[in-house]
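Biologist: I would like to go through this structure with you. Could you show it first?

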Amino acid sequence: MAPMSVRDQLLEAAARVYAESGYRGATTRRIADEARVNEITLFRHFGSKDALIREAITQAGSPIGAEPLPDTPRDPTNELKKWAKAHITQLRERRSLIRTCMGEIAEHPGIFSSDESPPARAAKALCQYLRRLRDAGIAKAQFDEVAASTMLMGVLFADAMGRDIMPDMYRNDPDEALDQYVRLFLRSIGVGRRRDSSSR
């Protein structure tokens with residue numbers, strides 16, 4: 001494996017320090033120390049603390065090895081389950097960073113990018129997949145794909161953020177819950193069960 005570049009070291013350190021300590025605690029000195037570089041190097045690469053944290057948050061939220069949704073849907077249950085599992089796994093792994101972002105968005109809105117953020121890209125990909133399901137006659141209900149994708153992503157987000165702090169609400173096994181979310185979602189948009197043996 002190639003050694004990590006100084007820029008990547010700074011981005012990784014910034015995401016970690018910000019998740020632990022928030023905007024105020026994520027000083028440029030602390031981030032530079034964590035990345036094992038000096039502050040001058042940090043400013044040479046990013047120019048400002050805001051620019052560094054903005055890019056660190058965006059990069060930390062980028063999908064890594066996520067299962068893409070196929071251009072030609074064939075097995076919506078398995079395709080969506082794989083995609084949803086990858087999505088919720090990444091949300092769980094970045095839970096601390098996401099919670100910090102949510103707690104600070106009102107005070108520091110400028111460090112959060114929305115249009116090209118990983119959640120926005122994921123929602124766009126899901127919307128396009130749902131449109132393909134409808135166009136192929138697989139999803140038979142009338143539905144708005146934006147509302148539908150928001151519904152599925154919302155439940156995945158709620159589970160990822162809430163399971164560890166509201167155990168009474170999330171009593172079922174995480175994998176079993178994910179399976180149910182996908183099945184209920186597909187039923188709501190009119191996707192019937194596959195009739196071949198692979199779905200039994």
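Biologist: Is Ile 165 buried or exposed?
Modeller: Ile 165 is exposed, at 56% relative accessibility (exposed means over 50% relative accessible area, buried under 20%, partly exposed in between, with a 1.4 Å probe and protein chains only). This is a predicted model, where local features need pLDDT of at least 70, side-chain atom pairs count only at pLDDT 80 or more, and totals for chains, interfaces and linings use all residues. Residues are numbered from 1 along each chain as its sequence is written, and side-chain values use heavy atoms, leaving out hydrogens and water.

Biologist: Where does Ile 165 lie?
Modeller: Ile 165 is in the loop between α8 and α9 (174-188); helices are DSSP runs of H or I with at least four residues, numbered from the N terminus.

Biologist: Changing topic, which helix holds Asp 159?
Modeller: Asp 159 belongs to helix α8, residues 145-162. Asp 159 is buried, with 0% relative accessible area.

Biologist: Which residues does Asp 159 touch, beyond those up to four places away in sequence?
Modeller: Asp 159 touches Ile 88, Arg 92, Tyr 170, Ala 177 and Tyr 181, a contact being heavy atoms within 4.5 Å.

Biologist: What separates the C-alpha atoms of Asp 159 and Ala 177?
Modeller: The separation is 8.9 Å, for residues 18 apart along the chain.

Biologist: And the cysteines: how many disulfides does a search of the whole structure find?
Modeller: The search finds zero disulfides, that is, pairs of cysteine sulfur atoms within 2.5 Å.

Biologist: Are Cys 101 and Cys 127 buried or exposed?
Modeller: Cys 101 is buried at 11% relative accessible area, and Cys 127 is buried at 9%.

Terms used: Helices (H or I, at least four residues) and strands (E, at least two) are DSSP runs, numbered from the N terminus.
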